[in-house]
Amino acid sequence: WRMADKLHVIGPKGEKRLKGASISFPIVLGTVAISLGKKATETATHSWTVYARSPQDQNLGAVVKKVTFKLHESFPTPFRDVKAPPFELQETGWGEFDLLIELHFHDDVQEPPLELLHSLRLGLDVHGNPQRRPYVHEIYHEIVFWEPTAELANRVKLAQSNPAPVSSVAQYFGRFDPDADYQLVQAGRKRLAKHYAMLKAKLATMEQDGLPGVRAPTMDREASLFPSNA
């Protein structure tokens, strides 16, 4: 790549890209599996839906042109294209497998397709029996575009200002809030640290009392549990 001006660099296809900039684009991949109950057959025990969505209910269609879902090879035409949001696909089947999900971006974005894996899970118990409630399996992904085109930046803004079309399985969507989740993790770490300090003090007291086979934990162990850069 070569410099275009102080704000841009020229990409491999001659396009202008924002120098030193990055754009984070969150996306959620998920499946919802529902047992067919008495209507189940040997080859169709569940109805399921696989989807790609925005965790903030934004319109992915502003950035993503189409989504290709690659199903298990036992399905007829395992490659399925969904060319408009909501990007979701409904099917029936009897087994779990890994789906290949390929995101195709709009042409002016000038980014190659992105492949992601997601596992279809039916929510079976240890005996292979289905549960009564729909089983939801969602994974949060953070896609980072380094030195994106100005067109991509504009499309991301457009997605943020437009709500997503209504999904057929929206009632099962989970909540994703990375900042709130981080605060919960930090609060949990503080509780664990306090509990660990109490145990350490108790063990030290037992060691001082001369109980056989009792040793206080080392600082190395403590450092490995709570690294300073976490």
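Reader: So what volume does the largest pocket have?

Author: The largest pocket has a volume of about 220 Å³. On a 1 Å grid over the protein atoms alone, a pocket is an open set of points with protein on both sides within 12 Å along at least five of seven lines, a cavity is a set where a 1.4 Å probe fits but cannot get out, and lining residues have an atom within 4 Å of a point. Grid points are joined across faces, edges and corners, and a volume is the space filled by probe spheres set on the points.

Reader: Before we go on, what are we working with?

Author: This is a predicted model, where local features need pLDDT of at least 70, side-chain atom pairs count only at pLDDT 80 or more, and totals for chains, interfaces and linings use all residues. Residues are numbered from 1 along each chain as its sequence is written, and side-chain values use heavy atoms, with hydrogens and water left out.

Reader: Ok, back to the largest pocket. Which residues are closest to its centre?

Author: Of the 19 lining residues, Arg53, Ala164, Pro165, Ser167 and Phe173 are the closest to the centre. Arg53 also has its charged end over the ring of Phe173, 4.2 Å from the ring centre. The rule there is NZ of Lys or CZ of Arg within 6 Å of the ring centre and within 35 degrees of the ring normal.

Reader: And which element supplies the largest share of that lining?

Author: That's β5, with three residues. Both β5 and β8 (87–93) supply at least two each. Helices here (H or I, at least four residues) and strands (E, at least two) are DSSP runs, numbered from the N terminus.

Reader: How does the lining of the largest pocket split by class?

Author: There are 12 nonpolar, four polar and three charged residues. Ala, Val, Leu, Ile, Met, Phe, Trp, Tyr, Cys and Pro count as nonpolar, Asp, Glu, Lys and Arg as charged, and the others, Gly among them, as polar.

Reader: What about the second largest pocket, how much space is in there?

Author: About 180 Å³. Its lining includes His72, Phe75, Glu91, Trp94 and Phe97, and β8 gives the largest share, three residues. By class, the lining of the second largest pocket has three nonpolar, six polar and two charged residues.

Reader: How many cavities of 30 Å³ or more are there?

Author: One. The largest cavity comes to about 30 Å³, and among the residues lining the largest cavity are Phe25, Pro26, Gln56 and Ala159. No charged residues there: the lining is four nonpolar and four polar.

Reader: Switching to aromatics. How many pairs turn up in the whole structure?

Author: Six aromatic pairs. Trp48 and Phe75 make an edge-to-face one, because their ring centres are 6.0 Å apart and their planes are at 85°. That pair links distant parts of the chain, with Trp48 in strand β5 (residues 46–53) and Phe75 in the loop between β6 (64–70) and β7 (79–82), 27 residues apart. To pair, rings of Phe, Tyr and Trp (its six-membered ring) need centres within 6.5 Å; planes under 30 degrees apart count as stacked, over 60 as edge-to-face and the rest as tilted.

Reader: Are those two buried or exposed?

Author: Trp48 is buried at 1% relative accessible area, and Phe75 is buried too, at 12%. Buried means under 20%, exposed over 50%, partly exposed in between (1.4 Å probe, protein chains only). Trp48 and Phe75 also form one aromatic cluster with Phe97.

Reader: Why does the Tyr140 and Phe176 pair count as stacked?

Author: Tyr140 and Phe176 have ring centres 5.7 Å apart and planes at 25°, so the pair is stacked. Tyr140 is in strand β11 and Phe176 in the loop between α1 (150–160) and α2 (178–208), 36 residues apart. Tyr140 is partly exposed, at 24%.
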